[in-house]
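Good morning, everyone, and thank you for making the time.

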Amino acid sequence: MPTLLEALEEKYGMEPDEKEEHVEEEVLVSIFVPKLPPRQSTPQLLILNDCNIDRAGEPEDLKKKCRIVKELDLAQNKLNNWNEVFVILSHMPRVEFVNLSLNHLTGPIQKPPVTKMDHLRNLVLNNTKLEWCSVEKLLRLLPALEELHLSLNEYTHVLIDTVNPTDRSNSANSERGSTDEGSQGTATDASSNNNTHDGSATSQTKEQQQKEVEEETPYASCSCSTSSAEPQQQNDAEEPPPLQTDPHGGVRKLHLTGNYISEWGEICRIGRVFPQLEALVLADCPLRYVESLKPTDPQGNESEEESHKYFQNLKLLNLSNAKIDSWEDIDRLAEFPSLCNVRLQYWPLWARTDSTTEHERRQLLIARLPNISILNGGDTIGAVEREDAERSFIRHYLDKPDAERPRRYYELIGVHGQLDPLVNIDLRPERKVKVRFTFEDKAIERTVDVNRTVSDLKSRLERLFDVPAARMRLYYVDQDFRDLQGLEEMKYPHKVLYSYNIRSGDEIIIERKVKS
C-alpha cells in the first residue's frame, strides 16, 4: 500500500528533487513568478481520499511538501494507527481541517510526537468506530477545536462526562450511612466512625495512587467499549461508566448523526463536556424523548433537573428521524434559552397528528416554539406568519377539553385574546344544479353535473326528447339576464358546463336542426 508521500507524488507529479529547496533559498524576488507548475506544487487543500494510504512516509520529504497544507482529506484510506496520523499532522503546522472518515481508527492513542495542535479547528471522524476514551484524549490535544464530527460510529452511550458518577454514589452512600448511624447506640456510633475514618483514608490513598499513575501515563490504552455492531444487545446490557474529563470550551458544533443513542441523559453529558456548544446534529438517532432528567437523591426521591440546563448557548438542533412521539417534548424544546433553528422531521408524532396538511403542522410547531426563527430549514419565520400560526393554534384547541389544552394555549390567549371560530365559507361552484329543459311544448327539470361537457349533455338529452345528438342545437338561458342578453348558443361540444356559470333555476332550450 502507498504512503501518503507516494500518493502525493503520484497525484501531483512531484519528484524527490531539490526544486522546493531552491524556492526557499530565493527569497529576494522583485517579480512573482511561480517556480513550479500547478501540478507540481502541493495545494493548501490536499485531497487524497480512497488512495489506500496506510502510513505517512519519509518525514523529511513530507515536511518539505506539506508545510503549507491547511485542509487535509484522507477519507476512506487504510490508516489504522494513530501514531501515523500524528506523524502526518506534525509535518503540517498550518492544518486547520482534517477528514479521517472511513479509516479504522478505533485506538488506542499513545503519546503523539507533538503535544498539541493549536491550529486544528475542524476534525471529521465519521465511521471510524473511535472509542470515547480516544475522543477524550483528542480533546486534550486540540485546544482550538471548534467543530467535531462523530457520526455513524455506532455509539449507544456517551462515555465522557465532567461529573464522576462514583462521586455521586459515594456521597449518597455516605449520607445513607450517617442516617443509619443516627439510629444506633453510642458504642456502635464510635465503632462506625472509626471504620469510616479508616475507609476514607484508604480511599484517599487509592485516589492518590491512581492520580500518580495517570500523570505518568496520560495516554494509556483505552479500556472503554463504546460501539457495537448489535446496538440492541448493547442497550440491554448495563451501561458502562463514563470517563471523567474537563470541559472543552472551544467546540461549537458537534455531529452525532446515525448513532444509536436513545436517552436524553446521554445527550446531557455532551452539554456538560461542551458548555459552549451552539450546533448539535442528532439526525437519525433513535431518541425517544427530550425529557427532564430525574436523578435520585440519597433518600431515593427524584429531583427535577431541566433538560436544557447544559445547553445555554445551543442555537441549532437537528432531531430529524428521532423516535419522539409526544407534544410535551416540543414544549421542552421551547425552554432552551438560545435555540432558534430546529429540524424536527420524520417523527412518529407526525403520523398520528390531528393535522391533515403539512401547513397545519408547521403552524402548530411555530405556535409552540416562540423563540424559533427557522423551522426544518425553511425561510425565516416572519411576524405575519407567526401571528397567523398562533391564532390558528388557539382556534385548534377551542373545542378541546381543558385537560388536552397545553400551557402555551393560555399564554397565547393572554396575547391575542379569546378568538371566535372561523366561519366555514365554501366558495366552490355547485357541482350539481337543477335545470329546466324545454323542447317545443315539452318541459322537464333534471339535475345536471356541471363538470360534464356539452357533447355529453346532448347524448343524455337524446334519450329524453328523441332528438339525435348530431341534429340537436342547445341554447342556455340565464334566469337573471333573460331579458338583457337573451339566448346563448352552446355550440362548442367539448366546453364544460360550469364555464357557462349554470345555476339552479336556469333553462336550456333544445332545438332540432333543419335539414338544408
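What we have here is a predicted model, in which local features need pLDDT of at least 70 and side-chain atom pairs count only at pLDDT 80 or more, while totals for chains, interfaces and linings use all residues. Residues are numbered from 1 along each chain as its sequence is written, and side-chain values use heavy atoms, with hydrogens and water left out.

Let me start with the chain as a whole. Its secondary structure comes to 16 helices and 17 strands, where helices (H or I, at least four residues) and strands (E, at least two) are DSSP runs numbered from the N terminus. Of the 516 residues, 40% count as buried, and buried here means under 20% relative accessible area, with exposed being over 50% and partly exposed in between, using a 1.4 Å probe and protein chains only. If we take the contacts (heavy atoms within 4.5 Å) with a separation of 6 or more, residues 24 or more positions apart account for 74% of them.

Now please find helix α5, residues 132–141, which is mostly covered, as nine of its ten residues are buried. Among these buried residues are W132, C133 and L141. And what do the buried residues of α5 pack against? They pack against α4 (82–90), β4 (122–124), β5 (147–149), β6 (160–161), β7 (243–244) and α9.

Next come the strands, where two strands pair if DSSP finds at least two bridges between them. Strand β17, residues 507–512, runs parallel to β13, residues 432–439, and four bridges join the two; in β17, I510 is the bridge partner of F439. Strand β15, residues 472–477, also pairs with β17, but in the antiparallel sense and over six bridges, and here R473 has E511 of β17 as its bridge partner.

That brings me to the aromatic rings. The rings of Phe, Tyr and Trp (its six-membered ring) pair if their centres lie within 6.5 Å, and planes under 30 degrees apart count as stacked, over 60 as edge-to-face and the rest as tilted. By this rule the count comes to twelve aromatic pairs. One of them is W264 with F311, a tilted pair at 5.8 Å centre to centre and 45° between the planes. Because W264 lies in helix α9 (264–273) and F311 in the loop between β9 (279–281) and β10 (316–318), this pair ties together parts that are 47 residues apart in sequence. W264 is buried, with a relative accessible area of 1%, and F311 is likewise buried, at 1%.

A stacked pair is formed by W347 and W350, since their ring centres are 5.5 Å apart and their planes are at 0°. W347 is buried at 4% relative accessible area, and W350 counts as buried at 8%. Elsewhere, F393, Y397, Y409 and Y410 form one aromatic cluster.

Finally, some rings have a charge over them, meaning that NZ of Lys or CZ of Arg is within 6 Å of the ring centre and within 35 degrees of the ring normal. The charged end of R272 sits over the ring of Y310, 4.8 Å from its centre, and K495 lies over the face of Y500, at 4.4 Å from the ring centre.
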